[in-house]
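Please read it alongside the sequence and the model shown here.

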Amino acid sequence: MDLWVGYPVWVWLMFFTVVISLLAFDLGVLQKDDHEINVNESLKLSAMYIAMGLLFGVWLWWYKGATAGMEYMTGYLIEKSLSMDNVFVIALIFTSLGVPRIYQHRVLFWGILGAIVMRGLMISVGAVLVTQYQWVLMIFGAFLIFTGIKMLIADDEHGKLEDNGFYKWLRGHMRFTPAIHGNQFWVRGEEHGLAKGWWATPLFLCLILVETADLVFAVDSIPAIFAITQDPFIVYTSNIFAILGLRALYFALAAMVHRFHYLKYALAVVLVFIGIKVGLVYLNDIQLVAFKIPTLVSLVVTFGLLLAGVLYSLWKTKDEPFPEKTE
């Protein structure tokens with residue numbers, strides 16, 4: 001397929017081997033037995049995933065050049081930052097459905113597998129559209145500017161899960177057990193005093209909602225990275241490496257996410273900036289303007305704004321204690 005030209009098969013195989021190895025190590029070794037992930041373990045796992053993501057970026061920089069490396073790093077930063085708001089929604093889902101911490105990692109793990117496939121399909125469609133219809137970039141840019149402005153003026157309320165239309169539809173069209181049954185997604189009803197046949201558990205309902213939340217956030221993040229680069233390999237790998245560590249980081253962020261309240265404003269400005277950048281790219285391509293924002297400037301501005309958002313948030317909330325470490 002022409003979209004993947006420039007990257008031999010061994011590069012894709014290497015990437016998927018790294019991803020599969022990380023997932024196998026996580027599920028088969030670190031999570032062989034269900035247990036609650038505390039803040040310490042969460043931060044250590046997150047550091048491992050972030051290190052792997054950055055090392056891949058360094059390798060891509062060496063293999064494909066500085067421009068590709070900077071595009072990857074910019075995309076990785078944006079996706080990682082957009083994941084912050086996703087944490088709010090996932091925490092709301094877990095809390096509303098009463099999912100014990102001991103089983104949350106299982107839901108997030110299978111959610112990541114679904115996200116890898118789903119984002120691959122979405123990025124493939126996006127790549128086809130951008131390749132065939134270059135003007136789609138203007139739509140991406142306008143959407144990012146709209147999303148950034150909306151993020152600046154919107155409140156932080158995500159509403160109640162019970163009021164969500166999709167949640168109501170699932171409840172009305174599927175059979176769910178009243179209680180959680182360990183780490184099982186499905187159980188036989190006759191074995192638990194219910195009608196015969198297979199019943200989904202609240203854990204499976206939680207998985208569906210987490211996947212749906214990721215789909216919604218992908219609608220923001222994928223156009224944002226396509227605005228940085230139209231290289232599907234960079235778009236996909238930066239997406240996947242960023243979300244791989246999300247479930248590990250979730251257990252720390254869910255407890256201290258209030259410390260990063262002002263990051264959303266920095267991210268909103270980044271989205272507006274990236275939207276303007278992609279608009280200039282298209283206008284430059286059709287020779288309506290003679291200027292476009294260099295990749296290095298995009299990386300520096302993105303990193304600077306996000307760093308400023310993090311530091312300002314931590315300073316403004318310095319009197320609010322971090323969660324106690326659990327053993």
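The account below starts with the basis of the model and then turns to its architecture.

The model is predicted, so that local features need pLDDT of at least 70 and side-chain atom pairs count only at pLDDT 80 or more, whereas totals for chains, interfaces and linings use all residues. Residues are numbered from 1 along each chain as its sequence is written, and side-chain values use heavy atoms, with hydrogens and water left out.

## Overall architecture

The protein chain contains 11 helices and two strands, where helices (H or I, at least four residues) and strands (E, at least two) are DSSP runs numbered from the N terminus. Read from the N terminus, the order of the elements is α-α-α-α-α-α-β-β-α-α-α-α-α. Of the 327 residues in the protein chain, 49% are buried; buried means under 20% relative accessible area, exposed over 50%, and partly exposed in between, with a 1.4 Å probe and protein chains only. Among contacts between residues at least 6 apart in sequence, 80% join residues at least 24 apart, a contact being heavy atoms within 4.5 Å.

## Nonpolar cores

A nonpolar core is a set of buried Ala, Val, Leu, Ile, Met, Phe, Trp, Tyr and Cys residues joined through side-chain atoms within 4.5 Å. The largest such core has 62 residues, and those with the most contacts inside it are L60, Y72, F226, I240, F241, L244 and I274. A second, separate core comprises 28 residues, including Y103, L203, F204 and V210. Returning to I240, this residue touches F15, V19 and I116 when residues up to four places away in sequence are not counted.

## Helix pairs around α7

Two packed helices are described by the angle between their axes and the distance between the axes. Axes are lines fitted to C-alpha atoms, for helices over the stretch in contact, and angles run from 0 to 180 degrees between N-to-C directions.

Helix α7 (residues 202-228) packs with helix α8 (residues 232-244) at an angle of about 135°, their axes being 10 Å apart. The pair therefore counts as oblique, given that angles under 35 degrees are roughly parallel, over 145 roughly antiparallel, 65 to 115 roughly perpendicular and the rest oblique. The crossing of α7 past α8 is right-handed; a crossing is left-handed if the near helix is turned anticlockwise from the far one by less than a right angle, and right-handed if clockwise. On the α7 side the contact is made by S221, I222, I225 and F226, and on the α8 side by V235, S238 and N239. These residues divide into four nonpolar, three polar and no charged, where Ala, Val, Leu, Ile, Met, Phe, Trp, Tyr, Cys and Pro count as nonpolar, Asp, Glu, Lys and Arg as charged, and the others, Gly among them, as polar.

Helix α5 (residues 136-153) packs with α7 at an angle of about 125°, with axes 9 Å apart, and α5 is thus oblique to α7. In this pair α5 passes α7 in a left-handed crossing. From α5, the residues L137, F140, F143, L144 and T147 meet V219, D220, P223, A224, F226 and A227 of α7. The contact of α5 with α7 divides into nine nonpolar residues, one polar and one charged.

The table gives C-alpha to C-alpha distances for pairs of residues that are separated along the chain.

| Pair | Separation in sequence | C-alpha distance |
|---|---|---|
| G111 and L207 | 96 residues | 6.3 Å |
| D26 and F109 | 83 residues | 8.8 Å |
| G141 and L271 | 130 residues | 8.8 Å |
| L305 and A266 | 39 residues | 5.6 Å |

G111 belongs to helix α4 (residues 101-132) and is buried, with a relative accessible area of 7%. Leaving out residues up to four places away in sequence, G111 touches L207 and E211. D26, in helix α1 (residues 9-30), is buried at a relative accessible area of 1%.

G141 is placed in helix α5 and is buried, with a relative accessible area of 3%. Apart from residues up to four places away in sequence, G141 touches G275 and V278. L305 lies in helix α11 (residues 295-316) and counts as partly exposed, at 26% relative accessibility. Beyond its neighbours within four places in sequence, L305 is in contact with A266, V269 and V270.
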